[in-house]
Amino acid sequence: MIVLSAPSPAPRERTLLWLLAAVQFTHVVDFMMLMPLGPLLMQRLSLSATRFGALVSAYTLASAAMGVLGVFWLDRLERKRTLLMLYAGFIIATLLCGAATGATGLLIARTVAGGCAGLMGAVVIAIVSDTVPAERRGQAIGTVMTAYALSAVAGVPLGLGLANLGGWRAPFIVLAAVAGFVWLLLLRFLPRVDGHLSQASGASATAGFTPRLAMGWGLTFTVVFASFLLIPYLGAFMVGNVGLSLTDLPWVYLAGGAATFVSSRWIGRLADRMGPARALALLLVATMVPHLLFTHLPPSPLPVVAVVFVLFMTLTSGRAIPTMALVASQVPPSIRGRYLAVNIAASDGASGLAAWMGGLLLTTGPDGTLIGFAQLGWLAVAISALALGLLWTFVGRAVRLDATPAP
């Protein structure tokens, strides 16, 4: 295993991190791009809203299911080979999305893409954790996670532009081509990462997993759940309740994505200086303010809404960085890939369940307003408070990186 341990990030380390960020970028764009393509797909493929919803949920459900199955094999292979194999499957599935002739073929391709993408995310974080020293791990994960912001700023708008020019198939075909180029760069520049194999030799699928480590999954679940109670409905709230027009929304989301892109690495550095546990605690408390402020926002001009939205998105999305740095650092390398695969499953399950619960608790008024969004904000704050309690328990009881898990 190659460990990059210079006092500051070396060029080789930066190259590695941006390559891994490119992997994350392609699969996040693939996931996010389908939703704004909804009207076009429903028209061209004669889809009902229910069948389109199945296309969207298939991605995250497959990701969650494969995350659980990853427990049985993910740490048994060298990580570069695993990532290349999963990424190749993702590229082929994305290409098949563009070649699909009907809803069934598209559903199958989306399911395969989601299954590969979930495990890819776990392997990417495992590689970062195995190769970057703990004192820089927060910043490294922040660099990789800038892919999420960049996908909102550039990836999705470009995908929609391609769809307008070449039809709904074009974004998938171009994305598969871009991912293919990234795959070749990984093949050339990604070093072998195999130090975990000596520790994992002969271990069973669940060896080393303890109830204490499972608290990390609970922590991830609650952090994501609190966010996704609100995130899927922000656009509808801004249009129906706050008074923005549909043409205003792209500018608001662009501002939020740009701010998140800038803040991700800063939050990563903060996690390195304070420690990921303290940084996460600070962000959990800090996000309570924009959660309540946004969900109680009265009709307001565009600049005011944009400022509150930027505050909401930078703090809320930033919580994922110290969360990932914390849970990865508490797990021995021999089980890190499998542990993070289940952690990805917990994240995907939380986002799906939270979005579903949020929809159950909200109603739409005759004038298009969302009724109950303020109460949903209070519920998100309560879940964040629960996450604080789990954080305290997890940090106090979970094993350290260099410790042997107790039975």
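**Exercise 1.** What should the 18 residues of helix α9 (residues 211-228) span at 1.5 Å a residue, and how far apart are its end C-alpha atoms?

*Solution.* Keep in mind that we're working with a predicted model.
- Start with the rule: the expected span is 1.5 Å times one less than the number of residues.
- For the 18 residues of α9, that comes to 26 Å.
- Now check the model: the end C-alpha atoms of α9 are 26 Å apart, so expectation and model agree.
- While you're there, look at burial along α9: the buried residues include Leu213, Trp217, Val224 and Phe225.

**Exercise 2.** Find the salt bridge and work out which helices it ties together.

*Solution.* 
- The structure holds one salt bridge.
- Its partners are Asp30 and Arg110, with the closest N and O atoms 3.1 Å apart.
- Asp30 sits in helix α1 (residues 11-33) and Arg110 in helix α5 (residues 103-131), so the pair links parts 80 residues apart in sequence.
- Next, accessibility. Buried means under 20% relative accessible area. Asp30 has 0%, so Asp30 is buried. Arg110 has 1%, so Arg110 is buried too.

**Exercise 3.** Which residues make the nonpolar surface patch of about 510 Å², and is Leu361 buried or partly exposed?

*Solution.* 
- The patch is made by Leu353, Trp356, Met357, Leu360 and Leu361.
- Leu361 belongs to helix α15 (residues 333-361).
- Patch members need over 30% relative accessible area. Leu361 has 46%, so Leu361 counts as partly exposed.

Methods
Residues numbered from 1 in each chain as written. Predicted model: local features only at pLDDT ≥ 70, side-chain atom pairs only at ≥ 80, totals over all residues. Heavy atoms only, no water. Patch = residues over 30% accessible without salt bridge, like charges linked within 9 Å, V, L, I, M, F, W, Y side chains within 5 Å. Areas by Shrake-Rupley, 256 points an atom, 1.4 Å probe, with all protein chains shown as cover. Salt bridge = Lys/Arg side-chain N within 4 Å of Asp/Glu carboxyl O. Helix = DSSP H or I, 4+ residues; strand = E, 2+ residues; numbered from the N terminus. Buried < 20%, exposed > 50% of the residue type's maximum accessible area, 1.4 Å probe, protein only.
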